[in-house]
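Here's a quick briefing to read with the structure open. Have a look at the fold first, then work through the points below.

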Amino acid sequence: MSGARKGRSVANALDTALTTPSERILRECHSLYVDDENDLVKIASSLGLRLLPPRKKIIVMIMGNHSAGKSSFINWYVEEHIQKTGVAIETQGFTFITSGRKRESLTGNATLHLYPHFRPLLEFKGVTDYLSAEISTSKQKKFSLVTFVDTPGLVDGDMIYPFDVNSAITSFGEQADLIFVFFDPMGQALCKRTLNIVEKLSEKCGDKLRFYLSKADEAGRETDRQRVMMQIVQELCRRPGLNKCGFEMPTIYIPNPQRPSRCVNQIDEVCETIEKSINQAVQKTLDQLEKDCDLITSTISNKLAQDRANMSYNKSSRINSFLCGLLAFFLPTLFITGFLVTTFAPEELDTLVGEGLARVLYMSTAVVMYLWEWIPEDGQLVSIIVFGAMCYFFFFLARYFAGQGYKTLTKKEKKNLMECSEYVRDVIKAKKKRLYEEYLQQCAAEYDF
């Protein structure tokens with residue numbers, strides 16, 4: 001047993017040594033949501049809230065016309081031949097490419113289990129059949145913190161897709177952290193379908209879009225590349241949603257030592273963009289963790305406050321029910337007792353119940369008998385009916401107030417809620433603070449802390 005524990009600790013230490021601080025922070029944040037008996041998802045679920053655990057990696061969606069070099073870029077970044085490449089339309093569906101413990105291929109349903117954030121895609125008929133995931137063991141560059149989404153190659157004309165490709169890509173883009181749009185300089189760059197989707201994406205997530213002229217080394221001379229870029233930029237700027245200042249389109253291509261090119265290759269800027277997005281994802285995850293903690297604690301506080309209000313209301317309802325029930329029982333009892341007392345002579349009543357109790361009965365029923373004698377004989381029947389209706393009304397009110405109580409928390413439930421609130425406030429938030437300091441120590445000077 002001790003040997004097994006030792007081996008496991010060595011494995012964990014090795015795993016920690018191989019991971020970057022950002023990867024470790026994202027992993028720990030994710031574990032706070034799902035990997036414990038008191039994880040945030042379970043606590044939120046018990047409160048009627050729905051929290052999605054943060055992703056351990058950023059999502060980078062790559063789109064463009066067919067043969068734009070999307071799959072080739074992924075293979076270059078991963079440094080492994082995962083996606084098919086070629087002039088033909090090789091990618092007909094959506095493929096997730098991510099890092100893992102072993103090389104594996106997943107189908108549609110398994111892919112959605114791995115990425116629950118993309119479950120809204122089930123709304124698009126036929127997408128699941130064209131959804132897959134490729135898991136690689138590569139650790140090159142920042143691949144351990146990135147999941148690429150390779151999208152179908154887009155073409156105009158009579159090409160029929162087995163699902164609504166425009167809406168599906170738009171939905172993917174809304175969930176992604178970055179959207180790379182590759183324009184092929186070899187004749188398909190101005191594909192209208194690509195431009196339509198890009199324009200739609202810019203309306204909801206324009207800050208995620210990045211444009212690149214891929215395969216720039218195949219565009220001929222520098223003048224030819226400039227002409228192609230001008231045509232693409234002009235076509236994009238004709239569309240109102242894409243007409244913006246500071247438009248950038250770096251030229252990129254897959255470097256090949258056997259075929260050197262004089263074209264400027266800005267593919268390293270793509271890697272820098274991914275790394276910057278990873279850093280932003282860490283910050284967003286930590287900020288979201290704090291927001292979720294505040295949401296849980298505020299929900300618990302509101303729940304306990306509502307329970308106190310319910311208890312106060314229930315107490316008031318019980319008092320009202322008791323008073324109305326007392327009147328519904330006491331008034332007819334007093335009325336009947338008054339008539340019974342008058343049937344006895346004073347001496348008989350003293351002998352029967354005692355002199356003290358007889359005096360109390362005479363005094364308590366004197367008012368009833370006075371009012372009864374004050375009522376005319378022809379109105380006494382009506383008075384009895386009204387009196388009976390009034391007693392029934394009090395009885396009805398007693399039952400009404402008795403059924404107006406709200407459900408309140410048990411002592412055990414209140415104790416659990418308070419423990420959850422203390423756990424989130426004292427443990428989770430403390431971990432979040434520690435993780436934030438650990439993240440900032442990567443980039444800030446030591447004397448800043």
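Helices (H or I, at least four residues) and strands (E, at least two) are taken from DSSP runs and numbered from the N terminus. With those labels, Ile252 sits in the loop between α8 (222–237) and α9. Keep in mind that this is a predicted model.

- Seven strands make an open sheet with mixed pairing, in the order β3-β4-β2-β5-β1-β6-β7.
- β3 (104–106) and β7 are the edge strands, each pairing on one side only.
- On average, neighbouring strands in this sheet are turned by 20 degrees against each other, direction ignored.
- Helix α4 packs on the sheet and touches β1, β2 (94–99), β4 (131–136), β5 and β6. The direction of α4 makes about 160 degrees with that of β5.

- Strands β6 (residues 178–183) and β7 run parallel and are joined by five bridges.

**The nonpolar cores**
- The largest nonpolar core has 50 residues, and the ones touching the most other members are Leu40, Phe73, Tyr77, Phe148, Phe180, Ile274 and Ile296.
- Elements giving two or more residues to this core include α2 (21–34), α3 (40–46), β1 (58–64), α4 (70–78) and α13 (411–440).
- α9 supplies the largest share of this core, with 13 residues.
- Beyond its neighbours within four places in sequence, Ile274 is in contact with Ile58, Tyr77, Val146, Phe148, Leu178 and Phe180.
- Another core, of 38 residues, lies apart from this one, and Ile59, Leu112, Phe183 and Val198 are among its members.

**Helices α6 and α7**
- The axes of α6 (residues 165–175) and α7 (residues 192–205) come within 10 Å and cross at roughly 35 degrees.
- The α6 and α7 crossing is right-handed.
- On the α6 side, the residues in contact are Val165, Asn166, Ile169, Thr170, Gly173 and Glu174. They meet Arg193, Ile197, Lys200, Leu201, Lys204 and Cys205 in α7.
- Sorted by class, the contact of α6 with α7 has five nonpolar, three polar and four charged residues.

- Is Ile252 buried or exposed? Ile252 has a relative accessible area of 2%, so it counts as buried, the cut-off being under 20%.
- Leaving out neighbours within four places in sequence, Ile252 is in contact with Phe182, Tyr212, Leu213, Ser214, Lys215, Ala216, Asn265, Gln266, Ile267 and Val270.
- Ile252 and Asp268 are 16 residues apart in sequence, with 8.6 Å between them in space, C-alpha to C-alpha.
- Lys56 is in the loop between α3 and β1, and at 40% relative accessibility Lys56 counts as partly exposed.
- Again setting aside neighbours within four places in sequence, Lys56 is in contact with Leu26, His30 and Leu145.
- Lys56 and Ser144 are 88 residues apart in sequence and 9.3 Å apart in space, C-alpha to C-alpha.

Methods:
Residues numbered from 1 in each chain as written. Predicted model: local features only at pLDDT ≥ 70, side-chain atom pairs only at ≥ 80, totals over all residues. Heavy atoms only, no water. Axes fitted to C-alpha atoms, helices over the stretch in contact; angles between N-to-C directions. Left-handed = near helix turned anticlockwise from the far one by under 90°. Contact = heavy atoms within 4.5 Å. Nonpolar A, V, L, I, M, F, W, Y, C, P; charged D, E, K, R; others polar. Pairing = 2+ DSSP bridges. Core = buried A, V, L, I, M, F, W, Y, C linked by side-chain atoms within 4.5 Å. Buried < 20%, exposed > 50% of the residue type's maximum accessible area, 1.4 Å probe, protein only.
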